[in-house]
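Here is a short report on one protein chain. Keep the sequence and the 3D view open as you read.

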Amino acid sequence: MTAYEDLPPIEFAFPGPLRDMLVAAVLSGAKTTTTGVLADYEAAGDPLPVAGELMAIVDSAERAVGVLEVTDVRVLRLADVDLQHALDEGEGFTSVAEWRAGHEEFWHGPQMREAVGDPDFTVDDDTPVVAERFRLVTRLP
């Protein structure tokens with residue numbers, strides 16, 4: 001047994017091409033933030049991440065491929081996400097509006113609506129989101 005096997009997982013998006021792209025961005029150092037809707041944590045019964053917590057990065061094959069350390073967690077209104085956070089998501093966004101459009105497309109998709117248990121789930125300016133900052137501690141073989 002290795003040390004990372006006991007770490008809680010962090011899963012970016014859902015398994016598939018988007019997750020693979022996001023995991024690659026984390027492993028390259030380009031992605032140092034992520035954002036989730038609070039409703040997703042609540043529906044899954046998952047605790048919010050905590051600064052200082054170590055998490056195992058999980059790829060689409062459900063394998064741990066790295067370890068990250070959470071360095072900051074904020075719960076804020078969607079409208080209050082700042083440009084630096086959007087840029088640090090490492091997905092090529094150049095503005096908060098562009099970041100938000102990309103995230104709204106994901107959050108309004110069928111997989112997220114199923115995850116939160118609401119077929120009509122939508123976000124607006126007042127939707128609580130979890131803005132997380134992290135650093136890559138190690139890549140796993």
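## Arg-135 and its surroundings

Beyond its neighbours within four places in sequence, Arg-135 is in contact with Val-67, Leu-68, Glu-69 and Thr-71. Contact means heavy atoms within 4.5 Å. With Glu-69 there is also a polar contact, side chain to side chain, at 2.8 Å. A polar contact is a pair of N or O atoms within 3.5 Å; within protein, one must be able to donate a hydrogen and the other to accept it, and residues adjacent in sequence count only if both atoms are side-chain atoms.

Arg-135 sits in strand 5 (residues 128-139). Helices (H or I, at least four residues) and strands (E, at least two) are DSSP runs, numbered from the N terminus. Arg-135 is partly exposed, at 42% relative accessible area. Buried means under 20% of that area, exposed over 50%, and partly exposed in between (1.4 Å probe, protein chains only). Thr-32 is 103 residues away along the chain, yet the two C-alpha atoms are separated by 6.0 Å.

## How the model was read

This is a predicted model: local features need pLDDT of at least 70, side-chain atom pairs count only at pLDDT 80 or more, and totals for chains, interfaces and linings use all residues. Residues are numbered from 1 along each chain as its sequence is written, and side-chain values use heavy atoms, with hydrogens and water left out.

Five strands form an open sheet in the order 1-3-4-5-2, with mixed pairing. Strands 1 and 2 (33-37) are the edges, and each pairs on one side only. The twist averages 45 degrees from one strand to the next. Two strands pair if DSSP finds at least two bridges between them. Strands of a sheet pair through backbone hydrogen bonds, either parallel or antiparallel.

Helix 1 (residues 17-28) packs on this sheet and touches strands 1, 3, 4 and 5. Its direction makes about 130 degrees with that of strand 3. Helix 4 packs on the sheet too, touching strand 2 and strand 5. Its direction makes about 45 degrees with that of strand 2. Here axes are lines fitted to C-alpha atoms, for helices over the stretch in contact, and angles run from 0 to 180 degrees between N-to-C directions.

## Strand 3 and its partners

Is strand 3 (residues 54-58) mostly covered or uncovered? Mostly covered: four of its five residues are buried. Strand 1 (residues 9-11) runs parallel to strand 3, joined by three bridges. Pro-9 stands opposite Ala-56, and Glu-11 has Val-58 as its bridge partner.

Strand 4 (residues 64-77) pairs with strand 3 in the antiparallel sense, over five bridges. Leu-54 stands opposite Glu-69. The hairpin of these two strands has five residues between them, and Glu-62 there takes a positive phi near 65 degrees.

## Nonpolar cores

A nonpolar core is a set of buried Ala, Val, Leu, Ile, Met, Phe, Trp, Tyr and Cys residues joined through side-chain atoms within 4.5 Å. The largest has 14 residues, of which Val-37, Trp-99, Trp-107, Phe-121 and Val-129 touch the most other members. Helix 4, helix 5 (110-116) and strand 5 each give two or more residues to this core. Another core lies apart from it, with 12 residues, among them Ile-10, Met-55, Ile-57 and Leu-68.

## A buried glutamate

Where does Glu-89 lie? Glu-89 is in the loop between helix 3 (83-88) and helix 4 (96-107). Glu-89 counts as buried because its relative accessibility is 1%. Its contacts beyond four places in sequence include Lys-31, Trp-99 and His-103.
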